[in-house]
Amino acid sequence: MLAVVLILFLVLLLGGFPIVAAMGIPSLLYVIVEGLPPSTMAYSIFQSLNSFPLVASPLFILMGCLINNFGETTNLFNFCRVLMRNAKGYTAKVNIIVSLIFAGMSGAAVADIGGLGQIEIKAMEDEGFSREYSAALSAATSMVGPIFPPSIPLLIYAVLAQTSSLGCLMAGMLPAFVIVIVMYIFVSIQCCTK
């Protein structure tokens with residue numbers, strides 16, 4: 001029966017059905033065929049969503065959207081730009097630093113690239129970087145978002161693995177700092193050789 005459920009799921013998914021329907025219809029058929037009470041399905045759905053740490057994920061995304069809509073991303077970028085104004089290739093370096101700071105507020109790469117990407121790319125083009133290089137660096141620096149706390153993927157992992165969410169989030173700090181330092185050194189070397 002499990003094989004039939006899996007095959008039906010794949011057929012519905014490849015047939016263009018929404019994921020909810022492709023997962024829900026085979027699950028409902030399994031419950032009916034096996035003679036399980038329908039309340040089992042409702043209880044399972046409720047229990048999987050009834051997790052306090054998972055409440056943080058949409059709140060991190062909401063915070064990133066609010067910061068962007070209130071124009072704080074521009075203020076953050078300008079603040080870092082003032083700090084590094086004399087450095088050669090400062091907009092590329094500011095791109096890296098601002099992405100780390102914004103990662104600490106949003107926890108997602110999509111929020112980072114959506115909130116800062118346009119500002120960073122325009123500023124780097126104004127300094128003389130190519131549009132391709134600016135876009136590539138902005139995409140690379142946004143990848144710090146899912147690693148640095150408050151990381152949404154690490155939070156979801158902690159819930160699924162039933163481990164300490166604080167421990168998982170703190171475990172992302174060192175790799176995020178190493179990535180930022182390596183990117184900063186790489187950009188500094190590139191700017192010196194220009």
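Colleague: Which handedness does the crossing of α5 and α6 have?

Modeller: A crossing is left-handed if the near helix is turned anticlockwise from the far one by less than a right angle, and right-handed if clockwise. The crossing of α5 and α6 is right-handed. Keep in mind that this is a predicted model, where local features need pLDDT of at least 70, side-chain atom pairs count only at pLDDT 80 or more, and totals for chains, interfaces and linings use all residues. Residues are numbered from 1 along each chain as its sequence is written, and side-chain values use heavy atoms, with hydrogens and water left out.

Colleague: And at what angle do α5 and α6 pack?

Modeller: Axes are lines fitted to C-alpha atoms, for helices over the stretch in contact, and angles run from 0 to 180 degrees between N-to-C directions. The helices themselves are DSSP runs (H or I, at least four residues; strands are E, at least two), numbered from the N terminus. Here α5 and helix α6 (residues 90-106) pack at about 135°, with their axes 9 Å apart. Angles under 35 degrees count as roughly parallel, over 145 as roughly antiparallel, 65 to 115 as roughly perpendicular and the rest as oblique, so α5 is oblique to α6.

Colleague: Which residues make that contact?

Modeller: Contact means heavy atoms within 4.5 Å. From α5 you get T73, L76, F77, C80 and R81, and they meet Y90, V94, N95, I97, V98, I101, F102 and M105 of α6. For classes, Ala, Val, Leu, Ile, Met, Phe, Trp, Tyr, Cys and Pro count as nonpolar, Asp, Glu, Lys and Arg as charged, and the others, Gly among them, as polar. The contact of α5 with α6 divides into 10 nonpolar, two polar and one charged.

Colleague: How do α5 and α7 pack?

Modeller: Helix α5 (residues 72-83) and helix α7 (residues 109-127) sit at about 40°, with axes 9 Å apart. That angle makes α5 oblique to α7, and the crossing of α5 and α7 is right-handed. T73, T74, F77 and R81 of α5 do the touching, along with G115, L116, I119, E120 and A123 of α7. By class, the contact of α5 with α7 has four nonpolar, three polar and two charged residues.

Colleague: Which side chain has a polar contact with S138?

Modeller: A polar contact is a pair of N or O atoms within 3.5 Å; within protein, one must be able to donate a hydrogen and the other to accept it, and residues adjacent in sequence count only if both atoms are side-chain atoms. For S138, the partner is the side chain of E120, at 3.5 Å. Over in helix α11 (residues 173-193) sits S188, where a polar side-chain atom lies 2.8 Å from the backbone oxygen of Y184. S188 is buried too, at 16%.

Terms used
Buried < 20%, exposed > 50% of the residue type's maximum accessible area, 1.4 Å probe, protein only.
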